[in-house]
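Open the model in your viewer and keep the sequence panel beside it. The stops below say what to select next and what is there.

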Amino acid sequence: MDSSSNSTPSSSTVTKTALLLLRVLTFVFLLIALILIAINKETADVGDGETQEFKFKDVHAYRYMLSTIVIGFVYNLLQMALSIFTVVSGNRVISGNGGYLFDFFGDKIISYFLLSGSAAGFGASEDLHRIFKAGDLPLNSFFGKANASASLLLIGFLFTAIASTFTSFALPKKAN
């Protein structure tokens, strides 16, 4: 047996695999967040025997949150495909420095975009829930689902932010 044949994967392979895992986790959390906010609606008695249906699209901040989820979802789907190709073939689809810069800046921009969507969702839920409770119209389930979606979006941000740390390690080192 040759002692030079080591079955330990290289650090580059581990990094690529970890990055793919982060992208898959982000994908799952964004998918669940998307489903939760998209199906979010509740019917409440507004008095005199009348009911009103409240949907996510009635709240501008929830529509913004949905937009950030969809944009993050699409970006992450693209990055997952690129990561799978890289892990399987060992080659990058976008060669040269441009690919590394795309990964780094894309992850940075999308992560902060996801964070802003989560913050908008949390803020709207807190403010509106307080107002509706004061009017004896709590809509607990409606705001609970929106908060759950915002929480999953926040977790998606964390995974994307961690991925951006990995992509920063891959940036080419420039000598001044």
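**A tour by selection**

Select Phe-85: with a relative accessibility of 40%, this residue counts as partly exposed (buried is under 20% relative accessible area, exposed over 50%, partly exposed in between, with a 1.4 Å probe and protein chains only). The model is predicted, so local features need pLDDT of at least 70 and side-chain atom pairs count only at pLDDT 80 or more, while totals for chains, interfaces and linings use all residues. Residues are numbered from 1 along each chain as its sequence is written, and side-chain values use heavy atoms, with hydrogens and water left out.

Together with Phe-85 they make a nonpolar surface patch of about 410 Å². Areas come from the Shrake-Rupley method with a 1.4 Å probe, and for residues only the protein chains shown count as cover.

Phe-85 belongs to helix α2, so show that helix next (helices are DSSP runs of H or I with at least four residues, strands runs of E with at least two, numbered from the N terminus). Helix α2 covers residues 60–89, and its 30 residues should span 44 Å at 1.5 Å a residue; the end C-alpha atoms are 43 Å apart, which agrees. The expected span is 1.5 Å times one less than the number of residues. After α2 comes Gly-90, with a positive phi near 85°.

Now turn to the rings. The whole structure holds 9 aromatic pairs (ring centres of Phe, Tyr and Trp, the latter by its six-membered ring, within 6.5 Å; planes under 30 degrees apart are stacked, over 60 edge-to-face, the rest tilted). Select Tyr-64 and Phe-113: their centres are 6.1 Å apart and their planes at 80°, so the pair is edge-to-face. Tyr-64 is in helix α2 and Phe-113 in helix α3, so the pair ties together parts 49 residues apart in sequence. Phe-142 and Phe-143 are also edge-to-face, because their centres are 5.2 Å apart and their planes at 75°. Phe-142 is buried at 2% relative accessibility, and Phe-143 is buried at 2%.

Finish at Ser-125 in helix α3 (residues 97–134). Ser-125 is buried, with a relative accessible area of 1%. Beyond its neighbours within four places in sequence, Ser-125 is in contact with Tyr-62, Phe-143, Ala-146 and Asn-147 (contact means heavy atoms within 4.5 Å).

Conventions. Patches are made of residues with over 30% relative accessible area and no salt bridge: like charges are joined within 9 Å, nonpolar side chains (Val, Leu, Ile, Met, Phe, Trp, Tyr) within 5 Å. A salt bridge is a side-chain nitrogen of Lys or Arg within 4 Å of a carboxyl oxygen of Asp or Glu.
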